[in-house]
Amino acid sequence: RSQGRTITHSAVPITAADREAWIGRESAPEVVYNASGARRELPRQPVDPRTVDFPTSLPPFEDRHALPGPNGQVWIRLSANADAATHDYIAVDRTGEVVLRLRVPAGRRLASISERFFYVYDTDADEMVTITRIPRG
């Protein structure tokens, strides 16, 4: 069930870079960790791009990227092309209104939101995570 106003959205057409990125993710080994934290890669079957029927556009928002915020807000990461320079988040209040927007550089993700700060993280090639605290302005 949905309540509130409809959030308008402009369709984001799927590009060759999006298709290549998806095929790369789906073909890459699955990384798992055991109880002691040891990393293991499980091989996957490579994806044959000729067997995939891609839609014409991305979904309006990315799954698994909704975060709770202060005052009952929900922060949602909007879909962007694989080669986009930035990614946008919107904050939706309890009535369904978009009340705030945040743009972060590509490769970074919103980890948490407080009354005073945004916490954004990125992961480097060595899987080191860097968390940046950004004052809410």
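Which element supplies the largest share of the lining of the largest pocket? The legends below take up this point. The model is predicted, with local features requiring pLDDT of at least 70 and side-chain atom pairs pLDDT 80 or more, while totals for chains, interfaces and linings use all residues. Residues are numbered from 1 along each chain as its sequence is written, and side-chain values use heavy atoms, without hydrogens and water.

View 1. A pocket is an open set of points on a 1 Å grid over the protein atoms alone, where a 1.4 Å probe fits and protein lies on both sides within 12 Å along at least five of seven lines; lining residues have an atom within 4 Å of a point. The largest pocket holds about 1200 Å³ of space, a volume being the space filled by probe spheres set on the points. Of its 35 lining residues, Arg25, Glu62, Arg64, His65 and Arg109 lie nearest the centre.

**View 2. Elements lining the largest pocket.** Helix H1 (16-27) makes the largest contribution, 6 residues. Strands E1 (30-33), E3 (61-68) and E8 (117-123) each supply at least two. Helices (H or I, at least four residues) and strands (E, at least two) are DSSP runs numbered from the N terminus.

**View 3. The second largest pocket.** About 420 Å³ of space lies here. The lining has 20 residues, with Thr8, His9, Pro60, Leu78 and Ile90 nearest the centre. E5 gives the most, 4 residues; E3, E4 (74-78) and E6 (98-105) are among the elements that each supply at least two.
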